Amino acid sequence: METGIRLALTLSQIGAVMVAVLLTVALLTLLERKVLGWMQDRMGPMEVGPYGVLQPVADGLKLFFKEDIIPAGANKFMFSMAPILSLVPALIGFAVIPFGPDWTVDVGGVDFKPFVITDINIGVLYILAFASIGAYGIILGGWSSNSKYSLLGGLRSAAQLISYELNVGLSIVGVLLLSSSLSLVAITNAQAGGFWNWYFFAFPFPQAVAFAVFIISSVAETNRTPFDLPEAESELVAGFFTEYSGMRFAFFFLAEYGNMILVSCVATVLFFGGWHAPLEILQGPESLHWLTGMFWFTFKVYGFLFMFFWIRATLPRLRYDQLMRFGWKVLLPIALGNIVLTSIFAYMFP
Amino acid sequence: MNLKDWIKTLTFYEILLGMKATLSHLLHYKPITLQYPHEKKTLPSNYRGMLALLRYDDGTEKCVGCDLCEAACPSRVIRVVSAEVPGEPTKRYSKEYYMDMTRCLFCGLCVNACPVDALGMTQEYEWAVYDKRQLQLNKQQLLAIGDRNFPVREKRLEFQHPNVAYFNVGFKEIPQKES
């Protein structure tokens, strides 16, 4: 009985989060094209529905009904596995993200946390681990396509992800030192009570530099402009998913946007206080924390997503050697220096 | 690198400058897009669009079948079959007139060459077709294009003898004698 209730609760929670994430992805595809258009004095999609708002539906239908092509000479098993291997890690990371207050509700004798699917004590590590598995999907997809463009895109992606995952991991260490926990729920709770407690600004050592390293590396890890070398259109057609079509292509697409949302969520939780409002007064009464918490969390995440679009509209693509040099010679020393300084300050002001 | 450049690099000054530019375009949103099938560009009055054969105000064709347009055409678009007007041996007309618009480059040389202003260029440009053969136009089609684009027709000159073709020799392209 208890197991049944637990299972039903968790499954419904997972379903709700998945629907929310996929709806956000659909919204993002439209929003990205609109924002990019507006920034470049264009209109973006205007034909489907009023002001093009039904464009995601049309795109989804098109991808669903497209022919599914497997190129001759492709490794069929790997070719079909790669999109799934890419999509699942992108979606699975949301399991440890706290979307709202850290409440525990008692439902039929089962302790139930309504705003986080599972609060495991190694949440950050879990997200980093699965983000790395996502790279396998990209590499295998590029390799199994039996196409030179895909292979080159996959190779670039492998090198880029290894270089920049390092920086993501190291830039997070400062926050972990200050909060002395790997659980995202605990990290969020440690940032309660106003924006000066957020780790971006927090005493004893603001993590602003770490945040800059984290966000730059995240842009690189999600293969977005200006670090979109794995799918550089002008050089590699579409990079690792050149040969993909229909639903398999849609999976890669979903994975990219899912990763974007995940990275925004992680940045919100680690550096900008998660669901906490910038001022205590904006959080409202205790009973309304679930509403204001969800609002502030969504607001911050969408802010980061807008920043992704904004950067894409502004910056051209880096050259490959620039990308590597920037990752290893600039970001890595900065992240290491941040760890050293944070440790010293955390030791002096415990 | 001096200190100023270092500070600029450390604060992402150039990137922020670029991001400010894109944001200002977002805030002062003024699209230059023309939603083409719904709204169309206003064409200049001398736009060289689809070719057409013209008529006089009494409904008779202007073309006298002189073949000059065929000679002037650089792409060999035009083919004229000239013939005498039945019963009027001094007067000629184009019995058949074909244009292969797949080859036309809309240079307007035929319009300039025509001595009786029988050819005109319309403002039509939406001539995309699924079958190329639909672009091989005959005389009736060309006259129809002229009819629907030039509702105001030129008067047949009164001093003109019905059996004599009228040539507009006032053309600027015709070499003039040095006076």
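Author: Happy to. One definition to begin with: two strands count as paired if DSSP finds at least two bridges between them. With that in hand, note that Arg79(B) stands opposite Tyr98(B) in β3(B). Bear in mind that this is a predicted model.

Reader: What makes β2(B) and β3(B) a pair, then?

Author: The bridge count. Eight bridges join β2 (residues 78–85) of chain B to β3 (residues 88–100) of chain B, and the cut-off is at least two, so the two strands pair. They run antiparallel. Another bridge puts Val85(B) with Glu88(B) in β3(B).

Reader: What sits between β2(B) and β3(B) in the hairpin?

Author: Two residues. Gly87(B), in the turn, has a positive phi of about 85 degrees.

Reader: How do you know that β3(B) and β5(B) pair as well?

Author: It's the same test. β5 (residues 136–137) of chain B is joined to β3(B) over two bridges, in the antiparallel sense. The rule asks for at least two, so this counts as a pairing. In one of the bridges, Asp100(B) has Gln136(B) of β5(B) as its partner.

Reader: Why are β2 and β5 of chain B called edge strands?

Author: Start with the order: the three strands form an open antiparallel sheet, β2-β3-β5 in chain B. β2(B) and β5(B) each pair on one side only, and that is what makes them the edges.

Reader: Which helix lies across β3 and β5 of chain B?

Author: Helix α5 (residues 139–149) of chain B does, and it runs at about 90 degrees to β3(B).

Reader: Which residues make the contact between α9(A) and α10(A)?

Author: From α9(A), Met260(A), Ile261(A) and Ser264(A) are among them; from α10(A), the list includes Phe297(A), Lys300(A) and Phe304(A). By class, the residues of this contact are nine nonpolar, two polar and one charged.

Reader: How do you know what to call the packing of α5(A) and α7(A)?

Author: Again, look at the angle. Helix α5 (residues 148–179) and helix α7 (residues 208–221) of chain A cross at roughly 150 degrees, and their axes come within 8 Å. Over 145 counts as roughly antiparallel, so that is the label for α5(A) and α7(A). The crossing of these two helices is left-handed.

Reader: What meets what between α5(A) and α7(A)?

Author: Leu161(A), Tyr164(A) and Val168(A) are among the residues on the α5(A) side, and Val213(A), Phe214(A) and Ser217(A) are among those on the α7(A) side. This contact has nine nonpolar, six polar and two charged residues.

Reader: And how many residues does each chain bring to the contact between A and B?

Author: Chain B gives 13 residues and chain A gives ten. The chain B side divides into seven nonpolar, five polar and one charged.

Notes. Residues numbered from 1 in each chain as written. Chains lettered and ligands numbered in written order. Predicted model: local features only at pLDDT ≥ 70, side-chain atom pairs only at ≥ 80, totals over all residues. Contact = placed C-beta atoms within 7 Å. Nonpolar A, V, L, I, M, F, W, Y, C, P; charged D, E, K, R; others polar. Helix = DSSP H or I, 4+ residues; strand = E, 2+ residues; numbered from the N terminus. Axes fitted to C-alpha atoms, helices over the stretch in contact; angles between N-to-C directions. Parallel < 35°, antiparallel > 145°, perpendicular 65-115°, else oblique. Left-handed = near helix turned anticlockwise from the far one by under 90°.
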